[in-house]
Amino acid sequence: VQFVIDSTAPDVIITAPLPGLLVAQGTDIPFSALVTDAHPAANYLTIDGGSPQYLYSSTTTPAFTIHTAGLAEGIHTAKIQTRDAAGNADAGSVASVTFEVDAGAPDVVITSPADGSFIKKGATVHFAATINDYSPWIYYMSGDGVTGDYAYGSTLTNYTRDISTAGWVDGSTHNLKFEARDSLNQKDAGSTAKVAVTVDGTGQI
């Protein structure tokens, strides 16, 4: 009878995903690792300490799939643990990586001026909007179809701008629009908001 004495625990490193990866909710993330051991035997992956996915294999490059459909928006931790055929495992047999889930497109609300409001001729309009999103990134503000302000790489969640009404004639109606996208370029109907204001020579907001 021949047998092998193995007292060395496996070492494991994660090769994918990269730390801090941001994905849209519902995206499947490929997970892979590299195991260094003479007799690799078993691996299991957990997300946030939940139920494990098992892979019983002698492979040194175990692979799993992280399903994000059921994960809440925010930061999550994927942890792999491995052991060899002799049952060896130690601190080096465990590795973890964090990733982030964005649950959807931005929601935009224009808080000022009110839709359908009247403004005094020549007054300055205080425009304000909020952006509700996990990873805000891009916004556009336009008046009457002409972009007046925009930014890329912005994490702004509260936007304000004073708009000059010089040149607006009495009785004219003007359309103000605000749009936003997040860092995953997500956008839906709730990512755009519009209001209309009318110039009144005797009225004000």
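In this predicted model, three strands come together as an open sheet, ordered β9-β11-β14, with antiparallel pairing. The edges are taken by β9 (107–112) and β14 (158–164), each of which pairs on one side only. On average, neighbouring strands of this sheet are turned by 25° against each other, ignoring direction. Strand β11 (residues 124–132) is held against β14 through seven bridges, the two running antiparallel. Within that pairing, A129 sits opposite Y159 of β14.

Most peptide bonds are trans, and most residues other than glycine have a negative phi. One links S112 to P113, with omega at about 0°. S112 belongs to edge strand β9 (107–112), while P113 falls in the loop between β9 and β10 (117–120). The other cis bond joins A16 and P17, and its omega is about 5°. P17 lies in the loop that runs between β1 (11–16) and β2 (21–24).

D48 has a phi near 55° and is placed in the loop between β4 (40–47) and β5 (53–56). With a relative accessibility of 43%, D48 counts as partly exposed, because that value falls between the 20% and 50% cut-offs. N185 has a phi near 65°, again positive in a non-glycine residue, and is found in the loop between β15 (173–182) and β16 (192–200). N185 is likewise partly exposed, at 45% relative accessible area.

Notes. Residues numbered from 1 in each chain as written. Predicted model: local features only at pLDDT ≥ 70, side-chain atom pairs only at ≥ 80, totals over all residues. Heavy atoms only, no water. Pairing = 2+ DSSP bridges. Helix = DSSP H or I, 4+ residues; strand = E, 2+ residues; numbered from the N terminus. Axes fitted to C-alpha atoms, helices over the stretch in contact; angles between N-to-C directions. Buried < 20%, exposed > 50% of the residue type's maximum accessible area, 1.4 Å probe, protein only.
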